[in-house]
Amino acid sequence: QVQLVESGGGLVQAGGSLKLSCVASGSIFSFNDMGWFRQAPGNERELVAIITSGGSTNYADVVKGRFTISRDNAKNTVYLQMNSLKPEDTAVYYCKARRATYGGFVAYWGQGTQVTVSS
């Protein structure tokens, strides 16, 4: 069974930075893509950034230019570098991985890590 474990969340002042990590229990080569999502209280879970197995990336408009997603295949880890943080970035951040199977995709989620940005 695939396990994703996030870390790196915490409390930071507006304008500060945090780097989130997501470690997979197996090789991340087997995933078609991996990404970061976030969910604030009362809101739906939303995409923050994704990175494909080929290294292509995509970002939500609200984080473009501030956040960077990257991967280290040797460490089975995906990162999210978050700079110029704003109070509206406060949320639980989740790591997601997708693997293609016959007939579709299987998705795996981490348990989440809290990011709180104070004004």
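**Entry 1: two loops**

I began with Asn 76, which is found in the loop between β7 (67-72) and β8. Its phi is positive, about 50°, although Asn 76 is not a glycine. I noted this since most residues other than glycine have a negative phi. A reminder to myself: this is a predicted model.

Next I went to the loop between β8 and β9, where Ser 84 lies. The phi of Ser 84 is near 50°, again positive in a residue other than glycine. Ser 84 is partly exposed, with a relative accessible area of 40%.

**Entry 2: the open sheet**

Six bridges join β7 to β8, and the two run antiparallel. Asp 72 stands opposite Thr 77 in β8.

Which order do the strands take in the open sheet of four? I read it as β1-β3-β8-β7, with antiparallel pairing. The edge strands are β1 (4-7) and β7, each of which pairs on one side only. I also checked the angle. Neighbouring strands of this sheet are turned by 15° against each other on average, direction ignored.

**Entry 3: two hairpins**

I moved on to β4 and β5. Six bridges join them, and they run antiparallel. Gly 35 has Ile 50 in β5 as its bridge partner. The two strands form a hairpin with six residues between them. In that turn I found Gly 42 with a positive phi of about 85°.

From β5 I followed the chain to β6 (residues 57-59). Three bridges join this antiparallel pair. The hairpin of β5 and β6 has four residues between the strands. Gly 55 takes a positive phi near 95° in this hairpin.

**Entry 4: salt bridges**

How many salt bridges does the count come to? I get five. I looked at three of them one by one.

Arg 38 forms a salt bridge with Glu 46, with 2.7 Å between the closest N and O atoms. I compared the exposure of the two partners. Arg 38 is buried, at a relative accessible area of 6%. Glu 46 counts as partly exposed, at 37%.

Asp 89 also forms a salt bridge with Arg 38, and here the closest N and O atoms are 2.9 Å apart. Asp 89 lies in the loop between β8 (77-82) and β9 (91-101), while Arg 38 is in strand β4 (residues 33-39), so the pair ties together parts that are 51 residues apart in sequence. Is Asp 89 buried or exposed? I have it as buried, at 0% relative accessibility.

These residues belong to a wider group. Arg 38, Glu 46, Arg 66 and Asp 89 are linked in a network of salt bridges.

Then I checked Lys 64. It forms a salt bridge with Asp 61, with the closest N and O atoms 3.2 Å apart. Lys 64 is partly exposed, with a relative accessible area of 48%. Asp 61 counts as exposed, at 63%.

**Entry 5: a lysine without a partner**

I looked up Lys 96, whose place is in strand β9. Lys 96 is buried yet has no salt bridge. Where is the nearest side chain of opposite charge? That is Asp 33, 6.4 Å away.

What does Lys 96 touch, leaving out residues up to four places away in sequence? I listed Leu 4, Asp 33, Met 34, Gly 35, Phe 37, Ala 107, Tyr 108 and Trp 109.

**Entry 6: the nonpolar core**

I finished with the largest nonpolar core, which has 30 residues. Those with the most contacts inside it are Leu 4, Met 34, Trp 36, Leu 80, Met 82 and Tyr 93. β3 (18-24), β4, β5 (46-52), β7, β8, β9 and β11 (113-118) each supply at least two of its residues.

Leaving aside neighbours within four places in sequence, its contacts include Trp 36, Leu 80 and Met 82. Also among them are Glu 6, Leu 20, Phe 37, Val 48, Phe 67 and Val 115.

Terms used: Residues numbered from 1 in each chain as written. Predicted model: local features only at pLDDT ≥ 70, side-chain atom pairs only at ≥ 80, totals over all residues. Heavy atoms only, no water. Salt bridge = Lys/Arg side-chain N within 4 Å of Asp/Glu carboxyl O. Buried < 20%, exposed > 50% of the residue type's maximum accessible area, 1.4 Å probe, protein only. Core = buried A, V, L, I, M, F, W, Y, C linked by side-chain atoms within 4.5 Å. Contact = heavy atoms within 4.5 Å. Pairing = 2+ DSSP bridges. Axes fitted to C-alpha atoms, helices over the stretch in contact; angles between N-to-C directions. Lys, Arg positive; Asp, Glu negative; His and termini not counted.
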